[in-house]
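User: Hi! Could you walk me through a few spots in this protein?

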Amino acid sequence: MKTILLIEDDTALRENTAELLELSNYKVITSPNGKLGIFKAKEEKPDIIVCDIMMPEIDGYGVLEALSCDIKTNHIPFIFLSAKTEHKEIRKGMDLGADDYLTKPFEEEELLSAIESRLAKATIISRIVEKETFTEKTIEDSGIRSIHELKNFFDDHGEVSTFKKGETIYKEGEHSNCIYLILKGVVKSHKMDESGKELITALYKADDFVGFTSFIDNTPYLESATAVENAELAGISKTNLKDILEKSKNISLELMELLTHNLSEIKEQLLQMAYSSVRKKTAQTIIQFAEVLNKKPEDCIKISRNDLASVAGIATESLIRTLSSFKKDGLIDIEGRNIKILDLSGLQVVE
């Protein structure tokens, strides 16, 4: 049950309002003036305060100002009640930090709605603060010293999201506020060229990171990411990851090494797309998908022809013709959309 402190010098209004709130399942503490109201707020620490403005000794503005200066009470939602309707009076109350302002006479529903919404907002803010505090403390106490431990941190404390096959994880141009670790499944990163053709820039499997952008600039995602098969990812905010990297020189160096390796693989893929024959591009792409999907040579690879062509950097029609050629040569078998590698060594030496 939530506790409300009602500060009101009008006896009849105070008693009637208290009764109304109690019937609405609130615990009500009352005070006939501002001075006693300040004392009760600090002693009882209510969940919300409803306070009249015009009162003897200390008015409502004085009550709010006194409680706002105390760390034990400055977080309590505060609603003003007043017969004053001038804009400057309302503005004064809000500038002091009031959460809401009701003018007398007010309707029962109006008061209850204001209280409910302010309590809900306070709960949400409290949860966010608790989560941020927990995350900061966890980072500080974690003693993360390696990429392996960093991945465990993502697994233990990251926000886990699931994506079905073909579902978008993030889009090029969107605000980049998260880095992800793939827990299950396969993810492709891709861009669109000027003609609207998709180019897959990389394939990622379980235990790979995706979503890296600048930690310094507010850079949006430079490419899109989509689940190639049902996937589960754990996300950590860039801010939290930056804090971890700042606390560990070793992790920063390991992560730099990992990203450098990924960049080398992408460069190799670009060179292959630019200078290799269609047959070699197709063969290497089939092998790459088999490795990323953790498939044995005897297992079938179920992947769309468009994705294969996009990674290879060739037209879908050229890919289909080359697959047919590989099948005739006994390098692969094709069953519907599935591709089965029959001769891995043969694929590896295709020129």
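**A loop, a lysine and a core**

Analyst: Happy to! D70 lies in the loop between α3 (60-68) and β4 (78-82). Please keep in mind that this is a predicted model.

User: Is D70 buried or exposed?

Analyst: The cut-off for buried is under 20% relative accessible area. D70 has a value of 18%, so D70 counts as buried.

User: Which residue has its backbone nitrogen 2.8 Å from a polar atom of the D70 side chain?

Analyst: A polar contact needs N or O atoms within 3.5 Å. At 2.8 Å from a polar atom of the D70 side chain, the backbone nitrogen belongs to K72.

User: Thanks! And how far apart in space are K238 and Y180?

Analyst: K238 lies in helix α7 (residues 238-247) and is buried, with a relative accessible area of 10%. K238 and Y180 are 58 residues apart in sequence, while their C-alpha to C-alpha distance is 9.7 Å.

User: Which element gives the most residues to the largest nonpolar core?

Analyst: That core has 27 residues, and I286 and F289 are among those with the most contacts inside it. The elements giving two or more residues include β10 (198-204), α10 (305-312) and α11 (316-328). With six residues, the biggest contributor is α9.

User: Which residues does I286 touch, leaving out those up to four places away in sequence?

Analyst: I286 is one of the buried residues in α9. Its partners are I301, L323, F326, I332, I341 and L347.

User: What span should helix α9 have?

Analyst: Helix α9 has 15 residues (278-292), counted at 1.5 Å a residue.

Key:
Residues numbered from 1 in each chain as written. Predicted model: local features only at pLDDT ≥ 70, side-chain atom pairs only at ≥ 80, totals over all residues. Heavy atoms only, no water. Helix = DSSP H or I, 4+ residues; strand = E, 2+ residues; numbered from the N terminus. Expected span 1.5 Å × (residues − 1). Buried < 20%, exposed > 50% of the residue type's maximum accessible area, 1.4 Å probe, protein only. Core = buried A, V, L, I, M, F, W, Y, C linked by side-chain atoms within 4.5 Å. Contact = heavy atoms within 4.5 Å. Polar contact = N/O pair within 3.5 Å; in protein donor to acceptor, adjacent residues only side chain to side chain.
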